[in-house]
Amino acid sequence: MRKKILVFFATFFFLFYIKNSVYGQQHQCNERCDPGSCVAGLKCIGGRCRNERCTTQRDCGCEPYRIQGRKFIWQANTWQEIEPAISQNVTIQREDDQYNASSIENPYFFQGPPPTPGVAGSFRYRVSVTNPPGTSVAYTICYNNWQCYATITPTPGNSVTTNTNDADSRNYVDGDHYVSIRWYFTPLIANCSDLRVRVNNQLGQTTILKGDQVTLLANFSSGNGTLNKIGLAIVPNNCSDPWLYDYQVDSSTGGEYQSGQFIFDQAGTYKVFCRAWSQEGAECRGSCVNNPPQYKCAGSDGSGAGTYTEITVENPDPWYKLKNASLNKIGDHKISVVQNVKKFSDNDPDDTLERYVIINNAGVLLAANSYNPGPYYNPINVSNINQYQGNYGFFNKSFLSAYYQYITSRKLVREISNITQITVDGLFLMKTNSLTLNVNPPNYNFVLLIRKLDNSDYGDLTIDLNNFGNTGKSYAFIAKNIIINSGTQTINGIFISTNNFSYQNLEGLKINGNLISLNQVPLNNRSDNSRPSLFINFNPRIYLDLLPFLSISKYDWQQVQ
Amino acid sequence: MTGSKFNNQKGQVLLITVMILATILSIVIATSFSSMTETQLTKLEEEERKAFAAAEAVTEKALKEGSTTLSGIGEFSNYQASATVDTTTSRNFITPLLQKDEQYTLYLSTPQGAPDNPNFQQLGSPYFSGNLYICFNNAALELTLIKSDNTVSHYAVNPSGSTIIQNALSANSGATNCPDTSFNNNYLLSSVSNTKLLLVRVIGGSSKVGFHGTTDLRLQGKTIYSKATSPGGATKKIVLFQSYPQIPSDFFVTSF
C-alpha cells in the first residue's frame, strides 16, 4: 500500500512537473521556453518564446515600419537632390513576393496598405533603385534615426534588404518605426577645366568683334570616369541647335587641348564650354547639359568653374582708313576694326588688306581727345610705324577761317556765277547759298570758294555724281557744309568744309585727294564693316597743281637803316 | 644949372631906350634862330619819311618786276631809290617762328622760270641733293617729302628726350650742323634728292626751323634789298623776304 501510495504521488508529481516544465510543452509567446519548445512561428530567444523578426516584442507581433528615403547626385562638389537623381524609380519587394511597390518621388515613402503606418513589420523587403546612365550608385540605410547617414559611408550597390529586427528596435525610442535609405548617384565623368578663349593671340576676352578669329583651349583629365574623348563647343546662347562649333578629339591622356580657329560671322551672345567623355559612357559639359549621360563638369573647383563662359560678339563700328596721309582727328579716335579687314571695294587699286588706319606712306595721327584703337586684344595700329598722340587738344586752324580775307586782298580771285565759266587755272568765287554739282567740273586746275549770296559766310556744296572730278585735273572746293549724295561713292579733289562734311552712300565714300573738315564726320555703317566706311587716298599732286592758289606767302621784313 | 640937369635926364632916357631895344633885338634874333633850326629838322624828318616810303615803294615794285629803280614818280622824283632781288642761294635757311600746328614749305626743287618768273605748278630740277639737317627747338616735327614722282614720305621726329609723338624718331640734342646756335635739336635727312617739297609741321609747341644742307639749298623766295636816298641825303634801307607759296597745314593735313 505504501508502495502504491508512493507510486501514485510520484506519478502525480511527474505529471505535474511535466505539465509545468519547459520540456515536453508547446510554449506560447513570451512563455519561458527551451529551444524548440515554442509554438510554430515563435522562437525561443533568451528563454522566452518570441517572434524572431521582432524579438523585442512581447506580444510577438511585429509593428509595421515605414521605408523612406531620398535620392542624391554628386554635382557641384556636393550631393544634390536634383535631376536625374530625384526621379529615379525606387521599388520594394517583400520577401514572400506578396507585396511590392514603387516610387519616383523624392523623398519617397512606402507606407504599406492603410491604415498601417508602414509595411508589414514581420517581413524583409528588398529595396532597389534605378540609376541614371553613366553613374554609379551607393546607399546608406538607417533604422529609426534618419540622421545616421552622416556618420556612415555609403555602400556601393543599387539594392538593399531591410532588417526587420533593426526596423523594430534599432535606435527605436517611440513612435513609428522606419527605415531610411538614401541613394547616392555619382556621375562617372571625366573632367575639363581652365577653359580659355583666345582671340587673335590674346587670352581672356569675352566681348569680341564679328570676324574675329577665336580659338578655344581647356585642360582635360580623368575624374570619376576615365577620359575617353575631349570636346570644345560654341553654341547659341539658348543652347539650341545648330551648334556653331563642335570640336571633338579622342583622348585618354588628357592635358591641354586647343580647338581650331573659328570666326564668328554673326553678332550675338554665345555659350562656350568644354566637354569630356568617359569610358564609362558619361559626358560632362560645361553648359547646355541635357539628359543623362550628360552631366555638368566638375571643373577646377568641383562646381564647374572654368568649364563655361559666354562670348558677346559685336558688330564692328564703321571705320576710316587713309593712304599716304596724316590725320588730325577731331574729338576721339575711337575705332573697332575686325581682324580680317577687306578693301574699300574688292577691285579697289588703292586699298590693301593691311589692317592699319593709315596705309602705305603713313604720317602721324593726332587725336584731339582720347586715343582708343579698339579692343585691347586686337587694337588697330595707326600704321606699321604706329606714330600717334592722343589728347592733343585743339588743332590750330586759324588760317582756314581767314583764308577768304587773305585771298581777296592778296590773290587774283575771279567771281563766277556758273562753274562752266571756269576757263583757266585759278582761284574762283561763286556766290550762292547752296551749289549742287552733278556734272564733272571743267578741265582746269582750280580752287572754288562757295560763298553765300550776302557774302556773310561760306555757302553749301552738294556733290551728286559718282566719280566726281575724275578728269585728271586738280580741284579744291571750300564750302561751309559739304554733302555727298547717296549715289556717290567716289569723289576726286580736296574738299574743305568749314562746318560739316557728310556722305550718304551706305557703302562708304572714297576720296582721292583730301578731306579737311572743321567738325567730326559721322561715319555710315556699311553692309560689311570689315571694309572702311571712309577711305581717303591722299593725293599730293593736287596740292602741286594748285600751289599758286591754295597757298599763302610768308614775309620777313626788316628796316636796316 | 637947370639946362645941365635937363641934359642928364635926356641921356638916361636914351640909355634906357637903347637897353630895351637891345633886349628886344636879342629876343627876336634868338627866336628867329630857333625857328630856322626847327624848320631844318622838320625838313630832314620829312625827307626821311619820304625816303622810307620810297624804299617801300621800290620794294613793292621789285616784288613784281624784279630788280628795279624808282624815279620820276610824283613826289619821289628827286629821290634815288633802287631795289635788288637777291637770288643767291645758301646752305642755310631759317623759317620765321612757326606756331603750334603750323607748317613751312621748303622748296627742294626749282619752279620753272625761277627766279624771275617762277611757275609753281611746274616744280622740277635742279633739285637739292645732299644731306639735310633740320634744326628746331621744343616741339616735335612732322616732315613730309613730296618726291619728284609725286609720292610722299613722312617722318615724325621728337625733340631729344621727349615723347610728344608716340613711336616717333628722336632728334639729336644740340645745334650741330644747324644754321646757328639758337637750336637745341637737329635731325638728319640723309641723301635727299629728287624731292620737290619738304613740308615741316610743328607739333605740340612752337619753334623756328632751321635747315642746313651739305650743298646749297634751293631758292626759297625773293629777298629784296631796297635803298632810297632823299635829295637832302636822308637814306633808308629795307630788306624783305617773300617766301615761295606756302601750303598751310590747315589745308594739307587730313582732318575730320
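Two strands pair if DSSP finds at least two bridges between them. Strands (E, at least two residues) and helices (H or I, at least four residues) are DSSP runs, numbered from the N terminus. The model is predicted: local features need pLDDT of at least 70, side-chain atom pairs count only at pLDDT 80 or more, and totals for chains, interfaces and linings use all residues. Residues are numbered from 1 along each chain as its sequence is written, and chains are lettered from A and ligands numbered from 1 in the order in which they are written.

**View 1. An open sheet of five strands in chain B.**
The strand order is 3-14-7-12-11, with antiparallel pairing. Strand 3 (92-94) and strand 11 (172-173) of chain B are at the edges with a single partner strand each, so one side of each has no neighbour in the sheet. Strand 7 (residues 130-136) and strand 14 (residues 210-213) of chain B are joined antiparallel by four bridges. I134(B) has F211(B) in strand 14 of chain B as its bridge partner.

**View 2. Strand 8 of chain A and its partners.**
Four of the five residues of strand 8 (residues 125-129) of chain A are buried (20 or more other C-beta atoms within 10 Å of the residue's own, C-beta atoms being placed from the backbone), so this strand is largely enclosed by the rest of the structure. Strand 5 (residues 90-94) of chain A pairs with strand 8 in the antiparallel sense over five bridges, and T91(A) has S128(A) as its bridge partner. Strand 11 (residues 159-161) of chain A also pairs with strand 8 in the antiparallel sense, over three bridges; here R126(A) stands opposite T161(A).

**View 3. Nonpolar cores.**
A nonpolar core is a set of buried Ala, Val, Leu, Ile, Met, Phe, Trp, Tyr and Cys residues joined through C-beta atoms within 7 Å. The largest has 146 residues, of which A276(A), I358(A), I134(B) and L141(B) touch the most other members. A second, separate core of 27 residues includes Y125(A) and V127(A).

**View 4. The contact between chains A and B.**
Chain A contributes 50 residues and chain B 42 residues, contact meaning C-beta atoms, placed from the backbone, within 7 Å. Among the elements of chain A that each supply at least two residues to its side are helix 3 (398-410) and strand 41 (509-517). Strand 26 of chain A pairs with strand 17 (residues 254-255) of chain B in the parallel sense over two bridges. L327(A) stands opposite T254(B).

Notes:
Contact = placed C-beta atoms within 7 Å. Buried ≥ 20, exposed ≤ 12 C-beta atoms within 10 Å, placed from the backbone.
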